[in-house]
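Hello,

I am passing on a structure that you have not worked with before. Please open it first; my notes on what was found follow below.

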Number of protein chains: 2
Amino acid sequence: MPIYQAPLRDYQFILSELLNVYQQTDLRGFDELDADLTDAILQGVADFTTDIMLPLNASGDLEGCKLVDGKVITPSGFKQAYKQYVEDGWATLTCDPEFGGQGLPEVIGTFATEMKTATNMAFAMYPGLTHGAYSAIHVHGSDALKQKYLAKLVSGEWTGTMNLTESHAGTDLALLRTKAVPAGDELFAISGEKIFISSGDHDLAENIIHLVLARLPDAPEGVKGISLFAVPKFLVNADGSLGEANTLSATGLEHKMGIHGNSTCVMHFDGAIGELVGAAHQGLKAMFTMMNQARLGVGIQGLGVSDIAYQNALVYAKDRIQGRALSGVKQPEKAADSLLVHGDIRRMLLSQKSFNEGTRALMGQQALWLDQVERHADPEKAKQANALAALFTPIVKGFVTDQGFKACVDAQQVYGGHGYINEWGMEQYVRDIRIAMIYEGTNGVQALDLVGRKLLSDKGAALTVWSGMVKQLIQENASNEAMKPYIAGLMDAAGDLEKATGFIVQSASKNPDLIGAASMPYMQLFGITALAWMWTRVAATSLAALEAGTEEAEFYQAKLNTAKFFMSYWGSQTRSLRKQIESSSADIVDFAEADF
Amino acid sequence: MPIYQAPLRDYQFILSELLNVYQQTDLRGFDELDADLTDAILQGVADFTTDIMLPLNASGDLEGCKLVDGKVITPSGFKQAYKQYVEDGWATLTCDPEFGGQGLPEVIGTFATEMKTATNMAFAMYPGLTHGAYSAIHVHGSDALKQKYLAKLVSGEWTGTMNLTESHAGTDLALLRTKAVPAGDELFAISGEKIFISSGDHDLAENIIHLVLARLPDAPEGVKGISLFAVPKFLVNADGSLGEANTLSATGLEHKMGIHGNSTCVMHFDGAIGELVGAAHQGLKAMFTMMNQARLGVGIQGLGVSDIAYQNALVYAKDRIQGRALSGVKQPEKAADSLLVHGDIRRMLLSQKSFNEGTRALMGQQALWLDQVERHADPEKAKQANALAALFTPIVKGFVTDQGFKACVDAQQVYGGHGYINEWGMEQYVRDIRIAMIYEGTNGVQALDLVGRKLLSDKGAALTVWSGMVKQLIQENASNEAMKPYIAGLMDAAGDLEKATGFIVQSASKNPDLIGAASMPYMQLFGITALAWMWTRVAATSLAALEAGTEEAEFYQAKLNTAKFFMSYWGSQTRSLRKQIESSSADIVDFAEADF
């Protein structure tokens, strides 16, 4: 069975040293945080995920979910594990204390999510979707709706779903057909079919609150006519007890490449009773206000699964003997050297490691921005944080899941033939994480969001702010000889990004299709530059710790060496990405349909 | 169900116009080839694969193989389909006429294999492995062995396997433990356990001839003590009839990520009777003489599966409506535009298309070199072809399966959520083709073979010959204005490859571990340059056809447009690959084990 070592030391480093979260006193609630509390919480999550969730990952994949008599049965052990998850209070971490939550910031919740996803992505999706439903009602629901649903969603006793997709309408929600008809008393009767509904039905909780996008009778066409409804599996009585079953059901389970332990349902609504969440025709807005958070959650999946895949590939590479180093025998006492002597094995592992650690730091930064949006005492700072988080959302979702998938493929490759059979667990990681590139907006949609919306909106204000932060970092370290390799790498990447941005801006006025063609390499270029920025900050922090005479010199030296590798290996890619954007975009747009 | 259009027009183009196979009169047997014969054969394979093999691909994946009472049962329909495959004579195409084969060249056989692999990779592996066993016995077996086995292997009535891997020994065959003990009459008793044995047992044929690597009692240690044995499932009587069952069996079936329709067995040999193939202790040599051919076969899988994935993704992109073009509505009569208007969808499809068509041309070239090795009237030319085929073997296996896998992932991405469920067939392509990056030598081993063996052997003679061919092509077209974009792209790539080669050569003398670290980006750089070379030749051929006033102007114009895209998109990558080699190799080698 795969092992998992929760990266607790890395969390401490990011929280305490890199992001200084214990000094963020102008963020509401941060004054209650300290390292002891944070360590205890993250240690608790580490124990729960490693002891309870990890052992159910392979068996959950093998057994999968079953649809029996219209009800979904989750894999053996899931029900008991979920019960404990609720009892231990892990569902409540970042929720509003008014409804029973612990009010912890995203920057803690994000790392808790990483551990959950790493150990059992399919299982982690049940509380993950619940949190989305919680947020939608928390932000947009009426007081009555909040009173009705939030406490149970916070505790995890009830779970939630997001019902967006229909078979003909995925990305393009304007095409939605599900209908909502007023049924008196501010109730609505919802009818239609939704597909790809994660956690759509299951046996983990006594009720499921479905958030459903549908059209009211008087709705304008397109996305401006979509409303959001809360539609419970069982109707809820005035006293909070469960009433009769609503007229909705899971009519099918999708047969998927991976995440077999999560129930991906076809949901049929047959006049099911629901209530509006937010205003009529404003459903898309209600869904999208938590988009930054939801997409960070998917990005975290890319990191979590990539990290556990790396951890196991590293163990395998150290244990497995095969061949000899090109430079001569390294382990004469053995019949062969370990895989780790081989350059290409090292290349793959270092690529994963430097991606994972850099991404973890970036995820912390993104979560902190989201916390600033909600908690900053200065509204201007909150607004700026919101713009930065919006800018980086396609990066943490699209770039991170693309590269996280590749990292899992590399980790599988380290195992050779053993990576292809399910016994070692590596092929499951590749199958599971593949979905993260697709759901919550395909990565192509993320790239388009980056170039079409985030980059060009508000005259590129967010990018200007972030570029200023990059330049300031470069300036601050310009005279520090020890920082030279990192600064040089960051400047290289940022230079390519700046030129590519120029191309995008020019293209937007010439032919907007060009920016679509350029969007994916641009997102990858942006992502690498963002990680180069994080690694430069990591290097600066690590050098400072070493200069201060830390007792953990190995930890910081390893960070510096990994940062150096990131710059020389990942940093090499930015030039070609820029070149690709500049030279191939027109060819992509001009290619005649008949020539495909 | 996925569709398949056999690329027959592309085969004609490559055979007749690009490679001029009908004018290769100094190749034994090529004088009997003509376009009518070739077209008829390839059309026959196209019909068989599309009508018989394709419908069994998804069901074979879903049902998989079963091990019941020590016997493997293949998925429903496989047995009947295989019977027809044998009866129609498709097994015999490239085999020796002396044993019932049709004596067709590899350049035809390779394209037949592409269609088989595209339509049903798991099924195609049964005859694929048989052909490997046929070749080993044909080249190295005694006359008695040939008489005993070849006719039945050629017809396909019996099938074959390759038994190399043991659980502790994959790449490093020096660690093998399976034993062979003389048992009189030039017979040997083989004992040991082999894993990952494709087609190890099944119900398609009445006998299976296992080629097994094992050690004789007096064998020297390491790879110089390995011998190859032919070990039948059923012993064969002097009159050719089947005798008693040999003491061997499939004791397990691997549970794999994909190729579920092919039986991947754990094989147990318990004093099973076998005969030497080739000389004692020369088993590895016997296995490796057909390595160029076997690895081309795996590369063809990368192409075949990538092509059917592309074909279906293109159909989907044209049919599926979702969103509107950035430059404005393109299909006002519909509720949304087709996916094909979106730049990133086009980018993915063009990346696949230009890879597939360029690779198909390269596969034809490689097959023609293999034909020259066997058939060229001039031994010097045969020798040179052998060196070129050996140089390109890691490219056609390693580069092509790496990129073919990525192409399948892109094709899956075009489908959005529908790509993740098995209903549409795309996720199966990703799972199936993943093995091609691992078996027949992992792609890391291919990269090492390229830099460690092929590049530096014989003072780089093969590379020098090929570089000369590239330079000649550039020179020949230097004054042709219409060829400029292609020539510029080829020169760019070749320049990066030359500099990277210089780095490798220098590194070899400094620290051999460096070339291991540089090997994978070098293989990718080499592969892109090889495709740029093929696309330049395709462009020259297409321009000539257009100048000659062809009636199929659309076909040739599409080739030119695709060539242009290849240069601007794929060609952009070579600079960074070179940079990566130069700047990160030392970091990879120097990274301390403790810092991982």
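In chain B, the residues B:Arg347, B:Leu350, B:Ser351, B:Lys353, B:Ser354 and B:Glu357 of H10(B) are in contact with B:Lys559, B:Thr562, B:Phe565, B:Phe566 and B:Tyr569 of H17(B). Sorted by class, this contact of H10(B) with H17(B) comprises four nonpolar, three polar and four charged residues. Please keep in mind that this is a predicted model.

The axes of H10(B) and helix H17 (residues 553-569) of chain B are 9 Å apart, and the packing angle is about 105°. Angles of 65 to 115 degrees count as roughly perpendicular, so H10(B) and H17(B) are roughly perpendicular to each other.

Helix H10 (residues 343-375) of chain A packs with helix H18 (residues 573-590) of chain B at an angle of about 95°, and their axes are 9 Å apart. H10(A) and H18(B) are therefore roughly perpendicular to each other as well. On the H10(A) side the residues are A:Gly343, A:Arg346, A:Arg347 and A:Leu350, and they meet B:Asp587, B:Ile588 and B:Val589 in H18(B). The class count for H10(A) with H18(B) is three nonpolar, one polar and three charged residues.

**How the two chains are related**

Two copies of a chain are related by a rotation about an axis and a shift along it.

**Salt bridges**

Over all chains, the structure holds 56 salt bridges.

A:Asp61 and A:Arg431 are both buried.

Another salt bridge is formed by the side chains of A:Arg375 and A:Asp371, at 3.9 Å from N to O. A:Arg375 and A:Asp371 are four residues apart in helix H10 of chain A, so about one helical turn separates them. Here too, A:Arg375 is buried, and so is A:Asp371.

In chain B, the side chains of B:Arg324 and B:Asp337 meet in a salt bridge of 2.7 Å, N to O. B:Arg324 and B:Asp337 both lie in the loop between helix H9 (291-319) and helix H10 (343-375) of chain B, so the pair ties together parts that are 13 residues apart in sequence. Are the two partners buried or exposed? B:Arg324 is partly exposed, with a relative accessible area of 29%, whereas B:Asp337 is buried, with a relative accessible area of 0%.

Finally, the network: A:Asp10, A:Glu114, A:Asp307, A:Lys353, A:Glu357, A:Arg360 and A:Lys559 are joined into one by salt bridges that share partners.

Regards

Definitions and conventions:
Residues are numbered from 1 along each chain as its sequence is written. Chains are lettered from A and ligands numbered from 1 in the order in which they are written. This is a predicted model: local features need pLDDT of at least 70, side-chain atom pairs count only at pLDDT 80 or more; totals for chains, interfaces and linings use all residues. Side-chain values use heavy atoms; hydrogens and water are left out. Axes are lines fitted to C-alpha atoms, for helices over the stretch in contact, and angles run from 0 to 180 degrees between N-to-C directions. Helices (H or I, at least four residues) and strands (E, at least two) are DSSP runs, numbered from the N terminus. Angles under 35 degrees count as roughly parallel, over 145 as roughly antiparallel, 65 to 115 as roughly perpendicular and the rest as oblique. Contact means heavy atoms within 4.5 Å. Ala, Val, Leu, Ile, Met, Phe, Trp, Tyr, Cys and Pro count as nonpolar, Asp, Glu, Lys and Arg as charged, and the others, Gly among them, as polar. A salt bridge is a side-chain nitrogen of Lys or Arg within 4 Å of a carboxyl oxygen of Asp or Glu. Buried means under 20% relative accessible area, exposed over 50%, partly exposed in between (1.4 Å probe, protein chains only).
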